[in-house]
Structures are given as C-alpha cells and as structure tokens.
Amino acid sequence: MATSICGGQLYTRSECLGICQDFRNLDYGDAVQEELEAPMPWIGLYIAAASAVCTLAIAADAVLGFRRRKPWLPCKYFSLNAFSLTLLGVSMKLLVDLTNLHLGVDDKIVRINSLVLMSTSLSNFATSLGSMTNNDIALNLAALSILVLTIIGNVVISAVQMFSFLSFFDTVAEVAGSSAAVLMLLLILCVSGVMVPAAKAQIDLAYRDLHNRISIKNTQRVEWEGFTSVDELRIAVRRYWVMAETGSSQFVIARSATCVASGLICLLTGLVLVEAHVRLPMMYAAKYTTTSNYKWSTKVILVVQSIGVAIGTIAPLMRWFVAARFKSSDIGTKSFKEEMKVESYWTQKLVDWKKSPVSVHIRSHTLRKLVYNAKGLLLNLCIGVQILIVVASKLVLLASSVFVKGLSFFFCFGHINSTSLKKSCCHISEESDYTRGVESMAEPDQSDYSRYVLLLEGEPELPQGTLKNICNEVDKLMKIGRRNQSKNLVKLVKKCVSFNGVREFDSIEVPILYQEPANCWSMPVVTLTSIAISLPNISDRKCNNLLSAVSKALYYVKLIEKSSDKNGDSTTAVRHAADMAWVGVEFSKKWHGKDLSSASVRGSSDKATLQNLSDIAEKIVGDFLSSTDEITVTEKKDSLINNWPVKVIAARSMYRVTQTLLLARKYDVSLTDEELFESLSIMIADIVAACLTNLVSVIISKCHNNAIEEREESVRQAALLFGETEEILEIIQKIDPPRLDQEKKGNIQEWRAFMELMPR
C-alpha cells in the first residue's frame with residue numbers, strides 16, 4: 001500500500017486525498033460565506049431607512065402638535081398599527097440577529113440604541129390608544145407584545161451565549177436597563193389600554209350631558225326656529241370644540257398618570273444611551289469600530305436611530321410636563337391618600353371581565369367552577385398589578401407637579417395659575433372684529449367656556465393657558481374657512497331676495513313626459529346653470545363666474561342632501577344624475593355630450609336656444625321609452641323613474657325647466673339675452689339660498705358626532721364650514737326664510753308646496 005508523509009505523520013494515499021478535499025471544501029465554504037455576507041451593508045441601509053421613516057413620522061406628529069398648539073403632541077402619523085409595527089420590526093433587526101459579531105464600539109452602541117429606540121416608540125404610542133376601538137386596542141397590543149417579547153428573548157439568548165466572554169460585560173448594564181425599560185413601557189401601555197374603554201365611557205357620558213344642556217337651551221336659537229343670529233351659531237361651535245378637544249381620547253391619555261411614568265422611563269433610557277455614546281468610545285479609543293457583517297452601514301444605522309431617539313423623546317417629555325402642569329394647579333387641595341386613590345375607570349374593565357361568566361362551554365360543573373376561580377385569581381393578579389402601576393405613576397406625577405409648581409414660582413409663572421378662567425382668552429372676541437358682536441349679544445355666562453371642559457373623575461381643572469389655546473385654535477379654523485370663502489358664491493347669493501325661484505323653475509302648466517319623480521336641490525341648479533351658459537351673447541367672464549359660484553354651491557348642497565338622506569330616499573337617483581351632468585358642464589361646458597356653445601344648441605336667440613335644449617331633452621326621453629320591444633317598454637313604464645338611466649333623468653329635468661322658461665317668454669318677450677341670463681342667475685340664487693338655510697343643522701350635526709374617536713375631526717370640519725359660509729349665512733338671515741319644520745326644510749318639494757301658498 002502506498003504511503004506518504006504529511007505534516008510529519010505517515011498517511012495512506014487515500015487519507016491524503018481526503019485531507020486535501022477537506023481543505024478544498026473549507027475554502028469553498030469560506031467563499032460561499034463571503035458571497036452571502038456581501039449584501040449585508042445594503043440590508044443595513046434598509047434597516048436605517050425603516051428607522052428614518054419612523055423618525056420622520058414622529059417628527060411630523062411633533063411639528064403638527066406644536067403648530068396646533070397642542071403641547072401633548074397627539075399621534076397622527078406614528079400610531080400603534082400594523083404599518084408602524086412592521087417598520088419597528090425591521091428597525092430592530094440587529095437585535096434579533098444572533099449570528100453576527102458585535103465586538104466593535106459602534107456594534108455595541110447600536111444594539112443599545114435599538115433598544116432605546118424601541119422604548120421611545122412605545123412611549124410615543126401611548127396616546128394613539130385613544131383613537132382606537134376596543135378590539136383594535138386588544139389586537140394591536142397583542143401584536144406589539146409579540147414583537148417586544150421576541151426582541152427581548154433574542155437579547156436574553158445573546159446575553160446567555162456571550163456570558164463567558166469579557167466583551168459581554170462592557171454593555172451589560174445598559175442592555176439590561178434598556179430591556180427592562182422596554183418591558184416596563186409595554187406593561188404601562190397595557191395598563192393604559194385597559195383604562196381607555198372605561199375612560200371613554202365616562203367622558204362620553206359627560207359629553208352627552210353637556211350636549212343635552214346645549215340642545216335644550218339653544219334649540220330655537222341654533223336651529224333657526226326663530227332665525228337666530230349667526231353669532232349664536234359661532235358660540236355653539238366654540239362650545240362643541242371645547243368639549244371635543246378636552247374630551248379627546250388622546251388628550252385624556254396624555255394627561256393621565258401613566259403618561260408621566262412613560263415620560264420618566266423614556267428620559268432615563270435616553271440618558272443611558274448618552275452615557276453609552278460617551279463611555280464606550282473612551283474605552284475603545286484605539287480599537288476598531290465595527291466587526292459585524294453590516295460593516296459601514298452600522299454607522300448609518302447608529303446616526304439615524306440616534307436622531308430618532310432624540311426626536312422621539314420630545315413627545316413623552318412634553319406629555320409629562322403637560323400632566324405635571326395640570327396637576328400643579330391642584331397641589332394642596334387633597335390629602336396624600338386622596339392623591340393616591342385609584343379611580344374606578346382604571347380597573348373597571350378588569351372587574352367586568354372577572355365578574356363575567358365563563359364563555360367556554362364545559363359540561364362538568366366542577367371543572368367550570370375551577371376555570372371560573374382560576375380566571376378570578378388571574379384577574380385579581382392583573383388588578384393588583386394595575387393598581388400598583390397606577391399608584392407608582394401617581395407618585396411620580398405628584399412629585400413632578402410639586403417640582404413644576406416650584407419652577408413656576410421661581411420663574412414668575414405663578415400668574416398663569418392665579419388668573420381666573422373667566423378672564424381666559426376665550427374672551428378672544430375682544431381681539432378680533434368678527435367676534436366683537438358675539439360678546440355684546442351673548443349672555444354674560446356664555447363666554448365662560450370652562451363649563452364645557454370634559455374631565456375624568458379626580459382630574460384637576462385645565463390651566464388657563466391650555467383653555468386659551470383651545471379657544472384660539474377654533475377661531476383660527478374659522479379664519480382659515482373665511483380665507484377659502486368663494487367670492488363668486490357670495491355675489492350669487494346676494495341676488496336672492498325672496499326665494500321665488502324655488503317655485504318658478506318648474507311650472508305645473510308643463511305637460512308631464514311620463515312620470516313626476518321626486519326632485520332634489522342639485523338637479524334644478526345644474527339644469528339652470530347649463531341653460532344659462534348656453535345662451536348667446538353672454539361673455540365668457542360671466543359664464544365662468546357663474547360656473548365657479550355654482551361649483552362651490554353644489555359642494556354645500558351635496559353636504560345638505562347627504563345629511564338629509566341618512567337612510568336613503570327617492571331622490572338618490574336624481575342626485576346621482578345631477579352629479580353626472582355637472583361633471584360635463586363644469587369641465588367642458590357640455591350637457592351629456594352636447595356642446596352648449598355649438599350651433600345645434602345655441603340658437604340665434606335665447607328662445608331658439610331654449611327650444612333646442614327642450615327638443616334634445618324630449619328626444620332623449622322618447623328614444624329611451626321606444627328603444628326596445630313592447631314588453632320592455634311596458635316594464636319601463638311600470639317602473640319608477642328612479643330606475644331610469646341618469647341621462648334620461650337629467651333630460652326630463654331639462655325638458656321641464658326649458659318648457660317653463662318658454663312659457664314665461666310668452667308673457668315677457670322683451671327680455672334680452674343678458675336680462676335672461678340675470679333672471680336665471682337670480683333663480684339659481686333663490687334655490688341655492690333656500691337650500692343653504694339647512695347649513696345650520698349640518699354644522700350642528702357635524703359638531704355632535706356620536707363616535708368619540710371621530711368627534712374632534714368632525715367639529716374641526718364644522719368650524720371650517722362655518723368660516724366658509726359665515727357671510728352667506730348672514731345674507732340669508734336678512735332675507736327672513738320661511739319657518740318650516742326641520743325635516744321639511746331639507747326637502748325642495750316641501751319648499752315648493754309652501755311657496756305655492758304664498759302670494760307671488
């Protein structure tokens with residue numbers, strides 16, 4: 001047998017070949033590993049990008065909060081949802097990557113940085129719980145818990161595996177502290193999540209009580225039963241805004257004790273990160289910065305996440321300060337025992353779960369009792385933890401409020417808390433022209449909006465400055481609305497003097513083509529506008545101004561029709577037909593494909609134009625009824641007109657309006673094209689103004705939104721709508737509209753019936 005000497009030892013030929021093969025395999029494995037590790041820096045950039053998106057979302061929330069003068073910085077872009085959890089999962093990849101060496105300075109700091117970023121994100125999530133339904137809170141907290149426990153589990157596994165190496169002890173304190181902070185913040189989030197449903201119910205009960213008071217006191221004023229002034233509507237919107245803002249679920253959580261504890265933990269973890277940034281580079285000044293496969297991208301991740309932590313710490317600290325400032329006004333009014341009292345809404349949900357029967361179907365009575373008792377023991381433990389966290393948070397809040405009280409005294413901020421709320425800048429009317437009339441006409445107690453602040457049990461009164469900012473915000477919204485006001489629409493509404501156009505656009509003398517359907521506000525407006533811009537010898541400027549005015553008017557008309565048609569009615573198809581017709585008229589000056597400036601429509605005179613439009617409309621309806629066999633025709637005649645195509649419904653309206661105008665021309669043949677255009681504009685103004693008398697009820701309905709999560713945004717839209725239409729409402733108020741019931745006022749048919757009883 002052939003032998004060889006290898007490494008000083010004697011091997012057979014086959015053994016030598018095996019050793020060589022092992023070396024070749026080792027080289028091949030190293031080559032494969034290098035190829036697999038090559039894209040790791042780019043994956044690091046992906047992690048940095050996810051962290052950057054989180055940072056931008058947090059920054060956007062901060063900017064928006066400061067712009068709206070909401071120092072508690074409510075969550076809008078960075079909320080607890082599937083998107084943010086996915087971003088966080090990507091950002092935390094370094095923590096769950098157990099196969100990489102983390103021996104360099106940047107490697108060690110970036111692991112701490114990721115944990116601190118997670119804790120910062122959890123602190124920022126706190127107020128977003130208020131914007132969720134109960135089911136969403138449970139699902140999102142469950143998903144967040146899985147993510148956090150997975151990350152902490154990986155951190156623990158890594159620590160156990162690295163325990164025997166000296167490099168592990170360099171950052172053990174920072175990693176352990178940051179991990180504990182993450183778990184504690186998750187627990188605080190769960191405590192807040194359990195509190196939210198009961199707190200919402202309590203706030204909602206207080207809101208409904210105040211809403212009923214406003215409704216009882218101001219029904220006749222606000223709903224224009226005696227045609228109240230626009231100033232009264234402005235006051236009502238302000239009241240609802242104060243209620244919506246102070247009762248906002250996010251604001252309720254932001255001023256709670258748990259947000260104080262969350263802010264404190266966030267601050268401590270931030271300081272831990274600063275300490276790591278200072279200490280570790282000093283320890284390893286002459287050594288390598290990174291040994292991981294992420295290479296140069298580790299530095300990018302470190303920079304981006306450090307910025308994220310810095311920006312993300314702002315919101316928790318601001319909420320901490322807000323809660324402490326609120327509490328500072330209440331210092332000294334309660335005993336220590338009363339301060340530490342845990343209100344019922346903190347544990348109400350857990351108590352309800354404890355008292356609820358076992359939902360699982362178990363036949364055995366003994367086993368069912370055992371399950372019930374086990375559930376009770378578990379929930380008793382949860383209630384105990386809940387109380388412990390709340391009491392600890394209240395202790396931190398009390399200490400913080402004493403500190404803030406001291407600061408306010410030493411820095412001359414004491415006058416903020418000593419000033420009476422009745423001298424609040426809710427009297428902002430003294431500074432603005434549009435509000436001066438309000439205070440002079442209002443009752444003395446109407447300007448005191450502090451009575452409309454919604455608070456939970458045990459909460460201190462809102463400071464004057466906060467109430468001032470809330471009142472200023474709604475006035476800014478109204479001011480923004482005024483800037484968006486349509487001047488052309490205001491000019492159009494000013495042409496209304498008597499609402500006669502409501503009955504004059506459609507005469508009973510016009511023969512019915514087939515059926516007489518229910519009408520709506522938008523259809524005659526669209527039809528009359530189409531006729532007006534089709535008239536000859538009318539300048540483009542006048543046509544464009546009319547189109548601009550009607551376009552804005554239809555926006556409000558649709559709001560009113562939608563508000564009046566909550567359950568659906570017979571005008572749905574007619575409104576849809578009007579919408580489809582208006583698209584062509586507004587953008588291309590075409591009525592269902594017919595160019596309104598073409599020779600086939602625009603005749604040599606206004607009478608010829610009206611006749612052309614009437615003939616086109618009559619032909620559309622006639623062609624539809626006679627387009628198919630006799631059986632189908634019978635079915636069409638037996639069906640409701642609301643089942644007809646939108647083009648046919650619009651044609652029926654065009655036919656009746658043009659025939660009405662042609663009948664009127666028999667009695668007044670002296671009208672010029674300009675005069676007829678002006679007459680049509682007045683008719684449009686009358687219909688629009690009559691419809692816009694319903695704007696008050698629309699604004700009030702927007703103010704009173706039953707869903708607490710949507711209430712703030714709904715009142716915001718109401719304030720903007722009021723600002724846009726304030727001058728229009730004042731114009732309509734001077735015309736003295738008829739006093740119809742609220743339900744009848746929103747129906748054009750009821751208006752027409754009422755107007756027919758009045759002298760022409």
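Modeller: About 310 Å³ of space lies in the largest cavity. A cavity here is a set of points on a 1 Å grid over the protein atoms alone where a 1.4 Å probe fits but cannot get out. Grid points are joined across faces, edges and corners, and the volume is the space filled by probe spheres set on the points.

Biologist: Before we go on, what should I know about the source?

Modeller: This is a predicted model: local features need pLDDT of at least 70 and side-chain atom pairs count only at pLDDT 80 or more, while totals for chains, interfaces and linings use all residues. Residues are numbered from 1 along each chain as its sequence is written, and side-chain values use heavy atoms, with hydrogens and water left out.

Biologist: OK. How many cavities are there in the whole structure?

Modeller: Seven of 30 Å³ or more turn up in the search.

Biologist: And what is the lining of the largest cavity made of?

Modeller: The residues there divide into 14 nonpolar, two polar and nine charged. Nonpolar covers Ala, Val, Leu, Ile, Met, Phe, Trp, Tyr, Cys and Pro, charged covers Asp, Glu, Lys and Arg, and the others, Gly among them, are polar. The helices α12 (314–328), α13 (336–339), α14 (344–355) and α15 (365–410) each supply at least two residues of that lining. Helices (H or I, at least four residues) and strands (E, at least two) are DSSP runs, numbered from the N terminus.

Biologist: Let's look at α12. How does the span of α12 compare with 1.5 Å a residue?

Modeller: It agrees: the 15 residues should span 21 Å, and the end C-alpha atoms of α12 are 21 Å apart. The expected span is 1.5 Å times one less than the number of residues.

Biologist: How many residues of α12 are buried?

Modeller: 11 of the 15, so α12 is largely enclosed by the rest of the structure. Among them are Trp320, Phe326, Arg319, Arg325 and Lys327. Buried means under 20% relative accessible area, exposed over 50%, and partly exposed in between (1.4 Å probe, protein chains only).

Biologist: What about α11, what do the buried residues of α11 pack against?

Modeller: α2, α3, α4 (93–96), α5 (105–125), α10 (257–283) and α12. The buried residues of α11 include Ile301, Leu302, Val304 and Val309.

Biologist: Switching topic. How many disulfides are there?

Modeller: The count is zero, with a disulfide taken as a pair of cysteine sulfur atoms within 2.5 Å. For Cys259, the nearest cysteine sulfur is that of Cys75, 8.9 Å away.

Biologist: Is Cys259 buried or exposed?

Modeller: Buried, with a relative accessible area of 5%. Cys54 is buried as well, at 1%.

Biologist: What does Ser614 touch, beyond its neighbours within four places in sequence?

Modeller: Tyr655, Thr658 and Gln659, where contact means heavy atoms within 4.5 Å. Ser614 lies in α24 (residues 606–625) and is buried at 0% relative accessibility.

Biologist: And how far apart are Lys734 and Val497?

Modeller: 9.2 Å in space, C-alpha to C-alpha, and 237 residues in sequence. Lys734 lies in α29 (residues 711–735) and counts as exposed, at 75% relative accessibility.

Biologist: Last one: what does the whole chain look like?

Modeller: There are 31 helices and four strands in the chain. Of its 760 residues, 51% count as buried. Among contacts between residues at least 6 apart in sequence, 84% join residues at least 24 apart.

Note on methods
1 Å grid on protein atoms, 1.4 Å probe; cavity = no way out; pocket = protein on both sides within 12 Å on 5 of 7 lines; lining within 4 Å.
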